[in-house]
Amino acid sequence: MGMDAVVVGSGPNGLAAAITLAQHGLAVTVLEAHDETGGGARTAELTVPGVLHDVCSAIHPFGIGSPFFRTLPLEDHGLVWRFPEVDLAHPLDDGTAGVLVRDLETTAAGLGEDGDRWRAVFGPVSEQYDDLAPDVLGPIVHLPHRPVLLGSFGLRAALPATVLARAFRTDAARALFTGVAAHISRPLNRPSTAAIGAFMIGAGHRYGWPVAEGGSRAITDALAGLLRSLGGEIRTGVHVRSMSDLPDARISLFDTTPTAFADIAGRPRPRWRYGMGAYKLDLAVRGGVPWTAEPCRRAGTVHVGGRFEEIARAEARAAKGRMPQRPFVLVGQQYLADPTRSVGDVHPVWAYAHVPHAYAGDATGVVLDQIERFAPGLRDRIVGMHVTDPAGFEAYNPNYVGGDIAAGAVTVPQLVRRAAYATGAPGAYLCSASTAPGPGVHGMCGHLAARRALRDLTTG
Ligand SMILES: Cc1cc2nc3c(=O)[nH]c(=O)nc-3n(C[C@H](O)[C@H](O)[C@H](O)COP(=O)(O)OP(=O)(O)OC[C@H]3O[C@@H](n4cnc5c(N)ncnc54)[C@H](O)[C@@H]3O)c2cc1C
C-alpha cells in the first residue's frame, strides 16, 4: 500500500511541510539527496577539527519569529536560541559603526540625530511584528488578516531601499538600514527593496537576531526529531531525478526550485529568473576578527560594505553581472553567542559576498580585503579557510542555481508567482523557498504549501 504523502527535500521548508501533513494524520516520508538532513540549515567542521561552521544560514530573526515554528515544541527536540550582545554592527571607514540591538531605545540613542527617525520608522513594525508576520510571511496573494496594519507597513516596504535610506541623515543610520535591506540581493533602487530591511529590523527589535546553539543544524535537527515523533520517516541519500523515483503516494511536495521540479516531472521549464550569487569564506580565526570599531567585536552579524551609496553601487554592479571591486559582505560571528562552536581561541567566522550570478572568478582576495578594511590584521589570524563559490553552492544544493541562495530572484512578479504552490501536475506541489513568502529559515513556505495540499485533498 502507498503512503499518504512524500516530500522531496529536507530543508526547513520540506520538514515544515512534512510536519504539517503529519500533524493532520498523514503518513509522510521525506526523501533527501544528501547524506544529512537540513538543506540550508546544516553545520559542519569545514576548517579546523571541532570548529563548527554554519554551511548556509546563520542568523535567525525569521526562525525565532516564524508564526509556524512558534507553534511547535522545538525546544523539546533540542533547539536553544542564543543571543549576541549586539545583534548587528555596520562599520564605517572613520572607525565608528552603526549598531542595532534588540532594544529599540538603545538603538535609537546610539544613532544620535537619527534616533527619533529610526524609532518612528521601525518602532511600529517591531511593536506589531506578531500581527504583521502572518501577513508578511504569508502566501503574498491573500486577504490580509490585518489590512490596515499591512497597508501602513506596505507603504514603506514598497519603496526602493535607497529612498527609505535617505530618510536618515547620518551615515551610520543610512548604512545600518541599507545593509539589512541588501539581504534581498537586488539593486536597491528598485521598488519594494525596502521591504526585507524594514521587516528584518522589525524582527530584530521584537525578537533579536539569534543563532541556534550548536549551529543552525539544531533547527532542522529539531524539526526532524519532531517529525519522527509524529510518525514521519526520513530517508537520506535519495536523489529524486524523475517521478518514477517516488514511492506511491497520494500527494507529493517538492522542496526544490520550479525549474528542478519541471526536470523531475518531465515538463517544460517555466520562466524563472535566478538572482545574484553568493561567494562564501568560512574562516577559522585565532582570537577573532580584529575589528577597529569596538561594537563589531561584540556583534553576531557585521555588515561590511561602508557607506550606503557604496553598498547600493556594489549591489547594482553585481546584479548586472559585473564583479564589484568592493562587494557587500555579510559576516557572522555566531560563536560570540554560542561559544560551543569554538576550539580554545580559534573561532569560526562566516562571511559571504554578493557576487554576479554564476560568477566563476576567484573573489577570495577581494572579500578578505573588504573585511580587512575594517579589521586590519585579519589575515594574520586566519588558521583555516574553506571557500564556496557559486558553482560550489549549486553542487552542494541544487536549489542554489548559479549560487543564488534565494532559490530565485526576489522581484515583484516572482513574488507573486511564488504564491503558486500547485504545479499543475495532479497532486504535486512546490514547497521550497521558491514559493511564498520566499527565502529564510522560517518554514512558512512548506507549512503553507502543505495546507494548500491538505485543502485540495479534503475538497477534491
Ligand atoms: C550562504 C547562505 C547563507 C544564508 N543565511 C541565512 C540566514 O542567516 N538566515 C536565514 O534565515 N536564511 C539564510 N539563508 C537562506 C536559507 O538557508 C534558505 O532560504 C532556506 O534553507 C530555504 O529552505 P528550503 O527548505 O526551501 O530549501 P533548502 O534549505 O535549500 O533545502 C532543500 C533540500 O532539498 C534537497 N533536494 C533538492 N533537490 C532534491 C532532489 N531532487 N532529491 C532529493 N533532495 C533534493 C536538498 O539537498 C536540500 O537538502 C542562507 C542561505 C545560504 C546558502
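**Cavity notes**

I began with the lining of the largest cavity and found that E14 gives the largest share, three residues. Helices (H or I, at least four residues) and strands (E, at least two) are DSSP runs, numbered from the N terminus. This is a predicted model, where local features need pLDDT of at least 70, side-chain atom pairs count only at pLDDT 80 or more, and totals for chains, interfaces and linings use all residues. Residues are numbered from 1 along each chain as its sequence is written, and side-chain values use heavy atoms, with hydrogens and water left out.

I then looked up who lines the largest cavity: Leu52, His53, Asp54, Gln334, Arg341, Pro348, Val349 and Trp350. (On a 1 Å grid over the protein atoms alone, a cavity is a set of points where a 1.4 Å probe fits but cannot get out; lining residues have an atom within 4 Å of a point.) Strand E4 (53–54) and E14 are the elements that give two or more residues to this lining.

**Ligand notes**

Next I turned to the ligand. Of the 37 residues around the ligand, the nearest are Glu32, Gly40, Ile59, Asn397 and Gly440 (near means one heavy atom within 4 Å).

A backbone N or O atom of glycine 40 is 2.6 Å from a ligand oxygen atom. For isoleucine 59, a polar backbone atom lies 2.8 Å from a nitrogen atom of the ligand.

Last, I noted that H1 gives the most to the shell around the ligand, with three residues.

Note on methods: A polar contact is a pair of N or O atoms within 3.5 Å; within protein, one must be able to donate a hydrogen and the other to accept it, and residues adjacent in sequence count only if both atoms are side-chain atoms. On a 1 Å grid over the protein atoms alone, a cavity is a set of points where a 1.4 Å probe fits but cannot get out, and a pocket is an open set with protein on both sides within 12 Å along at least five of seven lines; lining residues have an atom within 4 Å of a point.
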